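Hi everyone, thanks for coming.

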There are 2 protein chains.
Amino acid sequence: MELEEAKKKFIETWGKLGSEWGINRTMAQVHALLLISPEALTTEEIMKTLSISRGNANMTLRDLIGWGLIEKQHKAGERKEYFHADKDTWNIARQVAKERRKRELDPVLKALDELTKVEGDVNNPEYQTFINSVTDINKLAKNVDKTLDTMLKAEESWFWGSIFKIFK
Amino acid sequence: MELEEAKKKFIETWGKLGSEWGINRTMAQVHALLLISPEALTTEEIMKTLSISRGNANMTLRDLIGWGLIEKQHKAGERKEYFHADKDTWNIARQVAKERRKRELDPVLKALDELTKVEGDVNNPEYQTFINSVTDINKLAKNVDKTLDTMLKAEESWFWGSIFKIFK
DNA sequence: TTAAACTTTCAATAAATTTTGAAAGTTTAA
DNA sequence: TTAAACTTTCAAAATTTATTGAAAGTTTAA
């Protein structure tokens, strides 16, 4: 496989993975494109390479900035904005985990906490089953939250170095 | 909040979480309903409770069985099929992780392995950046895979007991 | 100022995904 | 057998989500 073909395939693969995990396909593709670009790219170049409209490119780039995955760059003497992606894989993973926790896990935890407070007759199987399931799920969610919290604070070397001794 | 309202809210919350993570909303709702039902339910009951069509209920139940999250049950002397969900949270998490790894992570790993093999001129920045990014992502993906593998084999008590000593 | 260069917005449109429901298929009891 | 009870299928419709592109907005240099 030659480089140009490989690039296309990488963008495609990353896009597919994104869409399977609730991230807009185009957003993942733009991210992929910037990940393999040595130089920062303009909106124009991104539009052309991925065959997407100006509006789409603009919104997608804004979202990616919101996710903390890419940054705007200004080049001296130029009016165009350039975009470049953080290439550090560990940062990318952390950033995605951080955003999804904030956007999705936090609201769920809040809702589950509410739901564990429902009162009812302990002899009612309906009530019992409800409380049991919700409480168990709440515990799991809290543990996931705690784990993410620790991971987000961790340094890459610490993470890879120590966790996989345990997961040997 | 009273029980009936809480049930509705739980089904809604679980459905939303599912759709944010690439799982069909209805599928997550049916799962939620079965999670909080003390008794196994028929297709008819599920249809009625969630206001969904027969076809939708049937396909969704089939999918949930495919994900290993629910089971068919036959009651003596009855022709109807009953469905009940595994209520063990750790099993649910494991089952979802297992299926998604098989369906989504495995193909990506295969694709990335291919892409790291691309040959090119090491003095070409395009090539360098490509290879660096792909190689790094491949390493991360392999580590995720390894972690999942260990988690899937682990017992619940082992998991909660030992990992959170490290993640204290 | 002004006008060129560039960015953002958003209603309309397109694409992808999900749902419906009626018809076809299957199983079982008699 | 047969017919009632139940399950499955799938093309069409509905819904949801993503994309377009032209117009409006902003910034900058002169």
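Okay, where is the place of A:Ser51 in chain A? A:Ser51 sits in the loop between α3 and α4 of chain A. When I say helix or strand, I mean DSSP runs numbered from the N terminus: helices are H or I with at least four residues, and strands are E with at least two.

Before going on, some housekeeping. This is a predicted model, where local features need pLDDT of at least 70, side-chain atom pairs count only at pLDDT 80 or more, and totals for chains, interfaces and linings use all residues. Residues are numbered from 1 along each chain as its sequence is written, chains are lettered from A and ligands numbered from 1 in the order in which they are written, and side-chain values use heavy atoms, with hydrogens and water left out.

Back to our serine. A:Ser51 has a positive phi of about 55 degrees although it is not a glycine. Why point that out? Most residues other than glycine have a negative phi. A:Ser51 also counts as exposed, at 66% relative accessibility. Here are the cut-offs: buried means under 20% relative accessible area, exposed means over 50%, and partly exposed is in between, with a 1.4 Å probe and protein chains only.

Now chain B. B:Ser51 is in the loop between α3 and α4 of chain B, and it has a positive phi of about 50 degrees, again without being a glycine. At 65% relative accessibility, B:Ser51 is exposed.

Let's go inside. Which residues touch the most other members of the largest nonpolar core? That core has 44 residues, and the ones with the most contacts to other members are A:Phe10, A:Val30, A:Leu34, A:Ile46, A:Ile70 and B:Phe130. A nonpolar core here is a set of buried Ala, Val, Leu, Ile, Met, Phe, Trp, Tyr and Cys residues joined through side-chain atoms within 4.5 Å. The elements giving two or more residues to this core are α1 (3–20), α2 (25–35), α3 (43–50), α4 (54–66) and β3 (81–85) of chain A, together with α5 and α6 (125–153) of chain B. The largest share, eight residues, comes from α6(B).

Two buried residues are worth a click. A:Ala40 is in the loop between α2 and β1 (41–42) of chain A, and it is buried, at 8% relative accessible area. Its C-alpha is 7.5 Å from that of A:Gln73, which is 33 residues apart from A:Ala40 along the chain. B:Ile92 lies in helix α5 of chain B and counts as buried at 10% relative accessibility. B:Ile92 and B:Ile70 are 22 residues apart in sequence, with 9.6 Å between their C-alpha atoms.

On to charges. Side chains of opposite charge can pair when their charged atoms come close. For a salt bridge, we ask for a side-chain nitrogen of Lys or Arg within 4 Å of a carboxyl oxygen of Asp or Glu. How many salt bridges does the structure hold over all chains? The count is 26.

Let me show you a few. B:Arg54 pairs with B:Glu44, with the closest N and O atoms 3.1 Å apart. This pair links distant parts of the chain, ten residues apart: B:Arg54 is in helix α4 (residues 54–66) and B:Glu44 in helix α3 (residues 43–50), both of chain B. B:Arg54 is partly exposed at 45% relative accessibility, and B:Glu44 is partly exposed at 44%.

Next, B:Lys142 and B:Asp113 meet in a salt bridge at 2.9 Å, N to O. B:Lys142 is in helix α6 of chain B and B:Asp113 in helix α5 of chain B, so the pair ties together parts that are 29 residues apart in sequence. B:Lys142 is partly exposed at 40%, and so is B:Asp113 at 30%. Over in chain A, salt bridges that share partners join A:Arg101, A:Asp145, A:Asp149 and A:Lys153 into one network.

One more pair: A:Lys117 forms a salt bridge with A:Glu114, and their closest N and O atoms are 3.9 Å apart. Here A:Lys117 is exposed, at 57% relative accessibility, whereas A:Glu114 is partly exposed, at 39%.

That's my tour, so over to you.
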